[in-house]
Amino acid sequence: MIRTEALSAGYDGVPVVPGLDLEIPTGQLVALLGKNGMGKTTLLRTIAGGLPRLGGEVLIDGIAQRPGRADLTARAGLSFLPDDRGVFPRLTVEENLRLARRRGWEPPVDLAAIFPVITERSSVAAGDLSGGQKQQVGLARAILAGERVILVDEFSQGLQPSIVHGVLEAFRVLADSGVTVLLVDQSPDPLVDYADRVLAMAKGRLELDLPAAEVRADVDRLLSFLVV
């Protein structure tokens, strides 16, 4: 479970996210939508410990996390894939995956079946991959490291549509097994089809929080939060 309490986050002392309260229960797959510059990335980076907080608390499974300590947050079982794809360019695909693997954690999904690059280019340096292939490696790394919580920023960038659906099916399985998953994207399609809950941000605040079933029945409710 992820919980934030009055979380204030931003840059150089200027809040982008001003005092946000959020709770995502264990085993829930949540879609976080919104236009660029609305605070989605800032929120994820702060929860993951990569960005110091300006105030408030972040808790994982009820345990408060130290601000600005991504290493400790990772030890608590949280993985975060940023929008720069989060791979080590000089390491091979296989080495990237080996480094990410969390001891004692075996994801209940077949990564090789979801991400073709794992087997097809296992000995290639990650820096020599295409953007979509790097995204595959980054997503596989996030799954291998995220025993309790997985956060992904712009999860579908560069991916072929067939792979997007396979990734979402994998995250659905992970959520059903008890992993908390928060996926950020600018488009609701097809993310909302797999989610339990849909959030939308505007100007650093959560302006929409609905069961995904309600959003699927009336997607027009999201229009004001989406890139058009």
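**Exercise 1.** Determine whether Arg148 is buried, partly exposed or exposed, and describe its salt bridge.

*Solution.* Step 1: the relative accessible area of Arg148 is 36%. Step 2: buried means under 20% relative accessible area, exposed over 50%, and partly exposed in between (1.4 Å probe, protein chains only). Arg148 is therefore partly exposed. Step 3: the partner of Arg148 in a salt bridge is Asp61, with 3.6 Å between the closest N and O atoms; a salt bridge is a side-chain nitrogen of Lys or Arg within 4 Å of a carboxyl oxygen of Asp or Glu. Step 4: Asp61 sits in the loop between strand S4 (53-60) and strand S5 (63-64), and Arg148 in the loop between helix H6 (131-145) and strand S7 (149-152), so the bridge ties together parts 87 residues apart in sequence. Here helices (H or I, at least four residues) and strands (E, at least two) are DSSP runs, numbered from the N terminus. Step 5: Asp61 is also partly exposed, at 34% relative accessibility.

The model is predicted: local features need pLDDT of at least 70, side-chain atom pairs count only at pLDDT 80 or more, and totals for chains, interfaces and linings use all residues. Residues are numbered from 1 along each chain as its sequence is written, and side-chain values use heavy atoms, without hydrogens and water.

**Exercise 2.** State which parts of the chain are linked by the pair Arg102 and Glu147.

*Solution.* Step 1: the two side chains form a salt bridge, at 2.8 Å from N to O. Step 2: Arg102 belongs to the loop between helix H3 (93-100) and helix H4 (111-114), whereas Glu147 belongs to the loop between H6 and S7; the pair links distant parts of the chain, 45 residues apart. Step 3: Arg102 is partly exposed at 22% relative accessibility, and Glu147 is partly exposed at 30%.

**Exercise 3.** Explain why the pair Asp196 and Arg172 ties together separate parts of the chain.

*Solution.* Step 1: the closest N and O atoms of this salt bridge are 3.0 Å apart. Step 2: Asp196 lies in the loop between helix H8 (191-194) and strand S9 (197-202), while Arg172 lies in helix H7 (residues 161-176), so the joined parts are 24 residues apart in sequence. Step 3: salt bridges with shared partners join Arg172, Asp176 and Asp196 into one network. Step 4: Arg172 counts as buried at 17% relative accessibility, whereas Asp196 is partly exposed at 31%.
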